[in-house]
Amino acid sequence: RERGTPAASRPCSPATANKTLTAAAADPYLTAPGIAARRVPMAELFAAHDIPVRSREADTPRDSLVAYFGPDRPLKLDAGVELSPFQIAYKTYGTLNADRSNAVLICHALTGDQHVANVHPVTGKPGWWETMVGPGKPIDTERYFIICANVMGACMGSTGPASTNPKTGKPYALTFPVVTVRDMVRAQAMLLDELKIDTLFAVAG
């Protein structure tokens, strides 16, 4: 992948925009502890396409990290199509150790999201699993590096029907392809690869 900056603020073709989209390693919006940032929020994609940014959780989630996967890394769906580009919104808690062996993946319910153990940025409510995740709790953030990704097809930052289709500037809505649980797992695996985590200590949810 090339490194650089998004194209200047002028209309450009999707092909040109996709080639120029990269991430700044120092961008705190994209950085998790112990992980090199190489991810791009959809907001930059919209800017490169000269598409107005929509301030919605589906596109630019608050209080979340975002992993961007460009045209060179499509998500192959059970429906027989490829989703590209796409993004995965996720939260992390704790610190990844030196040998990257203490990662715990938490899976949320289909009606849930990535906000496991923090105040929800939309509802203002406590995280949905604060009884289990946190310092000194069963899934101890002082011992483990916790990752929870918003599943594909959801509406809290991972690409789904409510997300803006960069080709049209409008929500995918009913044009979004059918996503299966297997597709969601493939996306989680791609996120773990992006974070350079080869082995999980545990999976829970």
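**Notes on the cysteines, charges and last helix**

1. Let's start with Cys107: it is partly exposed, with a relative accessible area of 28%. Keep in mind throughout that this is a predicted model. Cys148, on the other hand, sits at 0% relative accessibility and counts as buried.

2. Now the overall layout. The protein has three helices and eleven strands. Along the sequence they come as α-α-β-β-β-β-β-β-β-β-β-β-α-β. Of its 205 residues, 48% count as buried. If you take contacts between residues at least 6 apart in sequence, 64% of them join residues at least 24 apart.

3. Here is one pair that shows such a separation. Leu65 belongs to strand β1 and is buried, at 10% relative accessible area. From C-alpha to C-alpha, Leu65 and Lys91 are 6.0 Å apart in space, though 26 residues separate them in sequence.

4. Lys91 is in strand β4 while Asp63 is in the loop between α2 (42–48) and β1, so the bridge ties together parts that are 28 residues apart in sequence. Asp63 is partly exposed, with a relative accessible area of 42%.

5. What about the other salt bridges? The whole structure has six. One of them joins the side chains of Glu57 and Arg62, at 2.3 Å from N to O. Glu57 is buried, with a relative accessible area of 11%, whereas Arg62 is partly exposed at 45%. There is also a network of salt bridges that links Asp78, Arg182, Asp183 and Arg186.

6. Arg73 pairs with Glu194, their closest N and O atoms being 2.8 Å apart. The two come from distant parts of the chain, with Arg73 in the loop between β1 and β2 and Glu194 in helix α3, 121 residues apart. Glu194 is buried, at a relative accessible area of 2%.

7. That brings us to helix α3 itself, residues 181–194. The helix has 14 residues and reaches 20 Å from its first C-alpha to its last, close to the 20 Å expected at 1.5 Å a residue. Its buried residues are Asp183, Met184, Ala187, Gln188, Met190, Leu191, Leu192 and Glu194. In an α-helix there are 3.6 residues a turn, so residues three or four places apart point the same way. Which strands do the buried residues of α3 pack against? They pack against β1 (65–69), β2 (75–76), β4 (86–93), β5 and β8 (145–149). After α3 comes Lys196, with a positive phi, near 60°.

8. What the side chain of Asp113 does reach is the backbone nitrogen of His115, at 3.0 Å.

9. As for the surroundings of Asp113, leaving out residues up to four places away in sequence, it touches His108, His120, Trp128, Cys148, Asn150 and Met156. So we are back at one of the cysteines from the opening points: Cys148, at 0% relative accessibility, is buried, and it is among the residues that Asp113 touches.

Terms used: Residues numbered from 1 in each chain as written. Predicted model: local features only at pLDDT ≥ 70, side-chain atom pairs only at ≥ 80, totals over all residues. Heavy atoms only, no water. Polar contact = N/O pair within 3.5 Å; in protein donor to acceptor, adjacent residues only side chain to side chain. Contact = heavy atoms within 4.5 Å. Buried < 20%, exposed > 50% of the residue type's maximum accessible area, 1.4 Å probe, protein only. Helix = DSSP H or I, 4+ residues; strand = E, 2+ residues; numbered from the N terminus. Expected span 1.5 Å × (residues − 1). Salt bridge = Lys/Arg side-chain N within 4 Å of Asp/Glu carboxyl O.
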